[in-house]
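Open the model in your viewer and keep the selection tool at hand. The tour moves from stop to stop.

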Amino acid sequence: FCGCFSSSGLCPLKVGQTLMRTVRQAVRPAAASRQKYTLPDLNYDYGALEPHICAETMWLHHSFHHATHVKNLNRTMEKFVKAVEMGDETAQEALQTPLIFQGGGHLNHSIFWNSLSPNGGGQPRGVVMDAIMRNFGSFENMKQQMSAASVSWQGPGWSWLGYNRWDGKLEIATCANEDPLQGTTGLIPLLGFDLWKHAYYHQYNNSRSDYIEALWNVINWDVVNDRFMTAERQQIG
Ligand SMILES: [Fe+2]
């Protein structure tokens with residue numbers, strides 16, 4: 001497990017159970033309709049985020065890495081549906097891990113693209129800024145905490161600003177590989193940073209800190225604010 005669930009009060013066992021439930025919920029509608037997952041279009045050109053994220057990085061990341069997750073998610077889903085139809089529980093169990101990896105990869109990247117904008121950056125706007133001030137004291141403090149979590153994370157994964165439905169607070173979290181934030185920690189994703197080397201190596205070599213610093217210049221705070229308002233409506237208690 002990734003260690004980011006502790007502040008949400010979730011134990012490792014529950015995390016595993018939640019991940020499996022996430023997969024089953026994701027599989028059920030697709031299994032019923034045989035719908036295929038598709039690579040979402042970007043709302044901007046590959047070169048639109050330059051100089052912060054170069055066109056080659058965006059092209060490789062979207063048209064190769066994300067597209068591969070989509071292709072493999074559909075293949076894995078087909079196998080899973082067959083295993084369900086055959087009543088093969090061993091095969092279903094064996095497919096849980098690849099489903100989480102490919103499904104999480106598709107979900108995480110879809111969230112990521114929409115979090116970026118050529119007109120982004122600057123200070124957060126709207127009610128999410130009020131929440132950041134309440135929970136972190138200042139935007140600079142929140143930015144520093146998320147940057148530090150991103151740079152210090154070992155290996156592939158994602159860092160997140162998430163919403164805790166149980167206490168209505170914002171939290172910084174990190175997840176390994178392509179584990180989805182909500183299925184792993186219960187937090188609702190508001191903003192996620194891809195920490196895999198494929199996200200930055202072409203432009204920033206091994207300097208993840210330079211890449212993270214650049215990302216802040218292209219954050220679409222309107223989208224983050226919309227996600228926060230939607231998440232707030234799901235508060236428990
Ligand atoms: Fe990625």
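**Stop 1: a histidine in a helix**

Select H109, which lies in helix 3 (residues 89–114); helices here are DSSP runs of H or I with at least four residues, strands are E runs of at least two, and both are numbered from the N terminus. This is a predicted model, in which local features need pLDDT of at least 70, side-chain atom pairs count only at pLDDT 80 or more, and totals for chains, interfaces and linings use all residues. Residues are numbered from 1 along each chain as its sequence is written.

H109 is buried, as 25 other C-beta atoms lie within 10 Å (buried means 20 or more such atoms, exposed 12 or fewer, partly exposed in between, with C-beta atoms placed from the backbone). Leaving out residues up to four places away in sequence, H109 touches H66 and H69; contact means C-beta atoms, placed from the backbone, within 7 Å.

**Stop 2: the annotated site**

**Stop 3: H198**

Centre on H198, in the loop between strand 3 (188–194) and helix 7 (201–204). H198 is partly exposed, with 14 other C-beta atoms within 10 Å. Not counting residues up to four places away in sequence, H198 touches L60, H61 and H65.

How values were computed
Two residues are in contact if their C-beta atoms, placed from the backbone, lie within 7 Å.
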